[in-house]
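Hi,

Here is the structure I said I would pass on. Have a look at it first, and my notes follow below.

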Amino acid sequence: MNRMTRAVNTLLGRPVDRPPVCFWHHFGDIGPEATVREHVRFYRESGEDILKMMCDEFFFYPLPESPSAQDLLSLRPLGRKSAYISGQVERAARINEALSGEAFTLYNAFSPYATLKHAMGDAQSMALLRSNEKAALHVLDVIAEDTCLLIEGILTQTGTRGMMLPLQGAERGRFSPEEYARLIAPSDRRVVLRANELSDANLLHLCGWDGVPNQLDLWKDYPGRIVNWAVGVEGLSLAEGRPLFPGRVVMGGFDNREGALLHRGEKGQVRSFTRTLLNEAGAEGLIVGADCSLPRDIDPARIRWVIEALEEA
């Protein structure tokens, strides 16, 4: 069974020879040619089934420097012809073209809140949400509009099969459920719904970026065929989390952090953990991956150890 068929069959609930594998790591701001080349190299050397493309050179949404509330209220969407959107569409198309359509690919589009936090910084974005909801909600709406345009370009012009949609802001202690529903969920849902209108292969990444457990219930009704959460951060195994997301494909299992098993463990340990993960989570509706991005210096051969263990199980 080839890698594309394995990924598609898993999403459709059809038989597979083994669960597909999807890991990713950041490449950094290395320029267009190198970015394409490194994505292809990682896909080839790791042997993984699903390639999650990165948006490292487009990580920061362009906002005015030290903006006033009026500056923010005056913001308008960048539009599909902007370098922020067109550059990402072009990059995704080039990666898919370089792989001649053989890879099942996902492209990254952060939630509007996560995008705002990246652009302004955590403290400043929280201060804005606390001090001027009107300006904050306007900016989130503007970012959501551009994110929807990005998703449309990626899914209709590049050969990409689905979006990875990292959700942030539901950490315990950050927002109450009522605050999240009022401030964050509307722009979240707008982006997630648009992606699901265009693809049935989207991944909800319930990000544990700061090591604080999330209020996962806030996301349980968001649509998305695949769900990935930080097993270590949440203290919730894939098997334990399945009932929270019934009927979904679950992805993950490995700790992504520097020095963790996949990064530094012995081959036998990695293979043994893979077999245990498969036995506990079950092979059906499973994509083996990690909590989040792997360290940049990860040896792709380590991912092949995971694949070997799955093939021998």
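**Thr 10 and its surroundings**

Not counting residues up to four places away in sequence, Thr 10 touches Val 16, Pro 20, Val 249, Leu 286 and Ile 287, where contact means heavy atoms within 4.5 Å. You will find Thr 10 in helix α1 (residues 3-12); helices (H or I, at least four residues) and strands (E, at least two) are DSSP runs, numbered from the N terminus. Its side chain reaches the backbone oxygen of Arg 6 at 2.9 Å. That is a polar contact, meaning a pair of N or O atoms within 3.5 Å; within protein, one must be able to donate a hydrogen and the other to accept it, and residues adjacent in sequence count only if both atoms are side-chain atoms. Thr 10 counts as buried, because its relative accessibility is 6%. For that label, buried means under 20% relative accessible area, exposed over 50% and partly exposed in between, with a 1.4 Å probe and protein chains only.

Before you go further: this is a predicted model, where local features need pLDDT of at least 70, side-chain atom pairs count only at pLDDT 80 or more, and totals for chains, interfaces and linings use all residues. Residues are numbered from 1 along each chain as its sequence is written, and side-chain values use heavy atoms, with hydrogens and water left out.

**The sheet**

Now the strands. Seven of them form an open sheet with parallel pairing, in the order β1-β2-β3-β4-β5-β6-β7; two strands pair if DSSP finds at least two bridges between them. At the edges are β1 (50-53) and β7 (286-290), each of which pairs on one side only. On average, neighbouring strands of this sheet are turned by 25° against each other, direction ignored. Here axes are lines fitted to C-alpha atoms, for helices over the stretch in contact, and angles run from 0 to 180 degrees between N-to-C directions.

Going through some of the pairs:

- β2 (residues 104-108) and β3 (residues 162-167) are parallel and share three bridges, and Asn 108 stands opposite Met 164 in β3.
- β3 and β4 run parallel and are joined by four bridges, with Leu 206 in β4 as the bridge partner of Leu 167.
- β5 (residues 226-229) and β6 also run parallel, with three bridges between them; Ile 226 is opposite Val 249 in β6.
- β6 pairs with β7 in the parallel sense over five bridges, and Val 250 stands opposite Leu 286 in β7.

How well covered is β6 (residues 249-254)? Mostly covered: six of its six residues are buried. In β4 (residues 203-206) both faces are covered, with Leu 203 and His 205 buried on one side and Leu 204 and Leu 206 buried on the other. As a reminder, side chains in a regular strand alternate between the two faces of the sheet.

Ser 125 sits in helix α6 (residues 122-131). With a relative accessible area of 0%, Ser 125 is buried. A polar atom of its side chain lies 3.0 Å from the backbone oxygen of Asp 122. Leaving aside neighbours within four places in sequence, Ser 125 is in contact with Leu 116, Lys 117 and Met 120.

**Aromatic pairs**

A search of the whole structure turns up eight aromatic pairs. Rings of Phe, Tyr and Trp (its six-membered ring) pair if their centres lie within 6.5 Å. Phe 23, Phe 254 and Phe 273 form one aromatic cluster.

**Out in the loops**

Most residues other than glycine have a negative phi. Two serines are worth a look here. Ser 66, in the loop between β1 and α3 (69-73), has a positive phi near 45° and counts as exposed at 63% relative accessibility. Ser 100, in the loop between α4 (83-98) and β2, has a positive phi near 55° and is exposed at 65%.

Finally, Glu 284 lies in the loop between α12 (267-281) and β7. Glu 284 is exposed, with a relative accessible area of 67%.

Cheers

Terms used:
Phe/Tyr/Trp six-rings, centres within 6.5 Å; stacked < 30°, edge-to-face > 60°.
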